[in-house]
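The report follows the structure.

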Amino acid sequence: MKARLATVFAFTLAAFLVPASALAAGGGEAVGHNLGELLKSWATAAFTGVAALVSLVFLLNRRYNELGLFVLAALIVGGFVFAPAAVAHTIENVWTTLTR
């Protein structure tokens, strides 16, 4: 019972502190932007961590073909998600080179 109460308290405290840090930066007029940047940084860390753990599982099980395919897919998805402008520019350059 005490462990569950401590867990609920920790999650409640985190729920109040996370938006507070987003509200504190910028004086309140950029709350959505600040919260978006915070969530983007968390998503980046989560994506990188999950990709690393899955890659490690493939590596330890000596499934090198699946590892290569997963790393390639993770790079493509990461590029589209975290650098859409750069990917769009690269695709435009490749397309103009091919259609000349």
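H3 and H4 are roughly perpendicular to each other in this predicted model. Their axes cross at roughly 110° and come within 5 Å. An angle of 65 to 115 degrees counts as roughly perpendicular. Two packed helices are described by just these two values, the angle and the distance between the axes.

Which residues of H3 and H4 meet? Gly-79, Phe-80, Val-81 and Phe-82 come from H3, and Pro-84, Val-87 and Ile-91 from H4. By class, this contact has six nonpolar residues, one polar residue and no charged residues.

Now H3 itself. Helix H3 covers residues 64-82. Its 19 residues should span 27 Å at 1.5 Å a residue, and the end C-alpha atoms are 26 Å apart, which agrees.

| Side of H3 | Residues |
|---|---|
| Buried residues | Leu-67, Ala-74, Gly-78, Gly-79 |
| Exposed, on the face turned away from the buried side | Asn-65, Leu-69 |

Seen down the axis of H3, the buried residues fall within an arc of 125°, so they line one face of the helix. What covers these buried residues includes helix H2 (31-60) and helix H4 (84-98).

Arg-62 is found in the loop between H2 and H3. Its phi is near 60°, a positive value in a residue other than glycine. Most residues other than glycine have a negative phi. Is Arg-62 buried or exposed? Arg-62 has a relative accessible area of 67%, so it is exposed; the cut-off for exposed is over 50%.

Technical notes:
Residues are numbered from 1 along each chain as its sequence is written. This is a predicted model: local features need pLDDT of at least 70, side-chain atom pairs count only at pLDDT 80 or more; totals for chains, interfaces and linings use all residues. Side-chain values use heavy atoms; hydrogens and water are left out. Helices (H or I, at least four residues) and strands (E, at least two) are DSSP runs, numbered from the N terminus. The expected span of a helix is 1.5 Å times one less than its number of residues. Buried means under 20% relative accessible area, exposed over 50%, partly exposed in between (1.4 Å probe, protein chains only). The arc is that of the directions from the helix axis to the C-beta atoms. Contact means heavy atoms within 4.5 Å. Axes are lines fitted to C-alpha atoms, for helices over the stretch in contact, and angles run from 0 to 180 degrees between N-to-C directions. Angles under 35 degrees count as roughly parallel, over 145 as roughly antiparallel, 65 to 115 as roughly perpendicular and the rest as oblique. Ala, Val, Leu, Ile, Met, Phe, Trp, Tyr, Cys and Pro count as nonpolar, Asp, Glu, Lys and Arg as charged, and the others, Gly among them, as polar.
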